[in-house]
Amino acid sequence: MVNTIKIGMATCGLAAGAQKTYDKLVQLITNKNLDYEVKKVGCIGMCYNEPLIEFIIDNKSYTYKNITQDKVELLINNILNKKYKNNMLEYTENVKISGVPEKSNHAFFRDQVKIITDNCGIIEPLSLEEYKQRNGFSGLKKAFNLKPEEIISIIEKSKLRGRGGAGFPTAMKWKFIASKQGEKFLVCNFDEGDPGAFMNRSLVEGDPYKLIEGMVIAAYTIKASKGFIYVRAEYPLALKTLRKALDICRENNYLGSNILGTGFNFNIEIKLGAGAYVCGEETALIESIQGNRGNPRAKPPFPSDKGLWNKPTNINNVGTFAHVTKILQDGVDEYIKYGTEKSKGTKVISLTGKVKRTGMIEVPLGIKLRKIVFDIGGGTTKKFKAVQIGGPSGGCLPESELDLGLDYDTIIEKGAIMGSGGIVVMDTDTDMVSVAKFFVNFSTEESCGKCTPCREGTKVMLYYLTKILNKDATLAEYKELKKLCPVIKDTALCGLGQASPNPVLSTIKYFEKEYLTKLKDVKRLTQYTINDKCIRCGICKIDCPVNAITGKKGEKHFIDQHKCTHCGLCYSKCKFKAIDKKKLL
Amino acid sequence: MNQNNAAKGVQEVSAIITNYINTLAENAGYEQRKSILIPILEDIQEQYGYISKDSAVLICEELKLPLSHIYGVITFYNSLKLEQSSDYQICVCRGTACHVNGSDNLLDILKNAVQSCENPDLFTIETVNCVGACSLAPVFVVNGEIYGNMTKKKVQDLIKELLKNHNKNG
């Protein structure tokens, strides 16, 4: 029996130095003539432990974390001396090598349900053999034995909702387009532009065939003849993996003409994005594939009526296709065991920011945010403050909302969106106004410029936010900002523009104090009023520098709130505690 | 660039264009010709690091597309550039996770380190929205290679190392 060494070589692993570790490992194994098979695998999700090495010896798995180049030799020596028994810690004087507890024992994995990421980090991404051994392409074979309507009713029963962010029911989308006649296109949206979201990249780098299988099933269902995958330009490794995977599928007749002898023809072409966030919006994506500037257009007509080259086009996210594959492979009854009534199944989430354990996780929908942050993520080092969900279109939620179940509808109610599924955790070091400014700045730069509310509106929001951060804004300007947000929301052309004020609105909703304390005339937020203890002495009236206090002798005095500059002089001069100081914060 | 090189450049660009035109049917319509524009521009960008005026004109003639459309596309997309960049492109990721982990500070530190080094012209500093390695934030990308968990010291060491390598390789 050949022992295996698996090393995580997805983008996150490479960023941590996995290539150097791999080179060293191969060199050692060759030099020492060891009987190990070294496999490059994708991301298992524990990005905070990269580079990760897993040894499979006599069918038992031992995983070691943070194995940089310098630790490789020591690790191998330990393994050769069979010092791997308890899978935990190995020490020498200078270098410390730590193991990872078994998956079932690890808090990071305990609450996860791996459905679409079940192969990531386990199989060699491009090995068709290993994919097939783990049920690969069995979903497609099942699909070919069903009628398209039957597949749609399976998807309908699974209640699958688009994993791209909006959560539109996939079955409904497919029904629209299946009823159309003539040439149709299928597009996979892999323009994962949200900063802080990388689950689609991990999935494609670790298990590309799952996406392809899902796309072929979808194409067969809606009778599309040609497919496109729109890949984000910033993902070179995913692009390379996907290109090779497509070639292998063509060679093995999973793509091309007469697929698996069924007479069904379908091919997939890769379209590379060129670094424009707005191209994640479906109509902009269509423009980009057609060779235009990626400007969105008004809907309707929806792409299912008039999409690519005015032909009916179905656009789904990478995650959606992967879920389709799994629903067909494992059966719909297995799938709907997880999730809530309206949102079934799981969602892959990239958990980042100030949590101890960052990485890619897959959780059943409806899981409590608190569980994600504190159990899976291990909590924060400093005091927890907020989670940001949904990228530039999403919002921030405070600790009080952590007991929320994570599903599409609840999150929208609270002012964020599920979005692509990036969760960024923030602690007390993070200033919420600066976070809002960060996202608005992003939207300003990425606004395509077609519609005025977004092009100009984001600029004005940015102007006010910068002023507030510089402690140079007045209360009136803050109110102006608050007034502007809903206007942009109601009038912008596309989803991205409409959602651009969300980060501001949600931080105002939950963290308004942070805005108010930064205002130049923050004093205005202290209100002085005269109560019944007033003995009509008139001291305050004489001292008030702006003559805001009126009142005849023998009458209770009164402060004109419009004239008052909130200097507090009257409050300090009054000997009878007749002036109330009230903070509006 | 001397004349020889320029001629060679034109030949290479025209080879890229021809490659893509060959994938089209004969008498391909306007929409079909347009659909290969962005892949061509990306190939030229990857090979030369920018898209020169000559290349744009060549594409315009070969694909029979308006030059204004070609420039419209180049200026719309972030990864297509009209100017040549330096030897070392350092991209600072400005994604959310990187922001929360202090990438704005590191950007200032990087700018200072480059300004104060002996040969600032060697470096181009850019920002990128997100490279998707958020778990290792803050992240830098140097000529396509990803550097994770950056710190102030790592930034300064990076510049020193790049300079050292550059001097060694002449």
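This is a predicted model: local features need pLDDT of at least 70, side-chain atom pairs count only at pLDDT 80 or more; totals for chains, interfaces and linings use all residues.
**Entry 1: helix H12 of chain A**

I started with the buried residues of H12(A), which are A:Glu282, A:Thr283, A:Ala284, A:Leu285, A:Ile286, A:Glu287, A:Ser288 and A:Ile289. "Buried" here is 20 or more other C-beta atoms within 10 Å of the residue's own, "exposed" is 12 or fewer, and "partly exposed" is in between, with C-beta atoms placed from the backbone. Helices (H or I, at least four residues) and strands (E, at least two) are DSSP runs, numbered from the N terminus.

Residues are numbered from 1 along each chain as its sequence is written, while chains are lettered from A and ligands numbered from 1 in the order in which they are written.

Back to the helix: 8 of the 8 residues of H12(A), residues 282–289, are buried, so the rest of the structure largely encloses it. I looked up what covers them, and the cover includes strands E7 (185–190), E8 (226–231), E9 (267–272) and E10 (313–317) of chain A, plus helices H2 (30–35) and H3 (37–48) of chain B. After H12(A) comes A:Gly291, with a positive phi near 90°.

**Entry 2: where A meets B**

Next I checked the contact between the chains, which takes 41 residues from chain A and 34 residues from chain B. Contact is C-beta atoms, placed from the backbone, within 7 Å. On the chain A side, the elements giving two or more residues are H1 (11–15), H12, E11 (346–353), E15 (422–427) and H17 (432–446). H1(A) gives the largest share, 4 residues. By class, that side of chain A has 21 nonpolar, 15 polar and 5 charged residues. For the classes, Ala, Val, Leu, Ile, Met, Phe, Trp, Tyr, Cys and Pro are nonpolar, Asp, Glu, Lys and Arg are charged, and the others, Gly among them, are polar.

**Entry 3: H17 against H21**

I then followed H17(A) to helix H21 (residues 502–516) of chain A; their axes come within 9 Å and cross at roughly 155°. That makes the two helices roughly antiparallel. (Under 35 degrees is roughly parallel, over 145 roughly antiparallel, 65 to 115 roughly perpendicular, and the rest oblique; axes are lines fitted to C-alpha atoms, for helices over the stretch in contact, with angles from 0 to 180 degrees between N-to-C directions.) Residues of H17(A) in this contact include A:Phe439 and A:Val440, and those of H21(A) include A:Phe511 and A:Tyr515. The class count for it is 10 nonpolar, 1 polar and 1 charged residues.

Most residues other than glycine have a negative phi, and most peptide bonds are trans. I went looking for departures.

- The peptide bond from A:Lys299 to A:Pro300 is cis, omega near -5°, and A:Pro300 sits in the loop between H12 and E10 of chain A.
- A:Asn310 is in the loop between H12 and E10 of chain A, and has a positive phi of about 65°. I count A:Asn310 as exposed because it has 12 other C-beta atoms within 10 Å.
- The peptide bond from B:Ala137 to B:Pro138 is cis, with omega near -5°; B:Pro138 is in the loop between E2 (123–128) and E3 (140–142) of chain B.
- A:Lys471 has a positive phi of about 55° and lies in the loop between H18 (452–469) and H19 (475–491) of chain A.

Terms used. Two residues are in contact if their C-beta atoms, placed from the backbone, lie within 7 Å.
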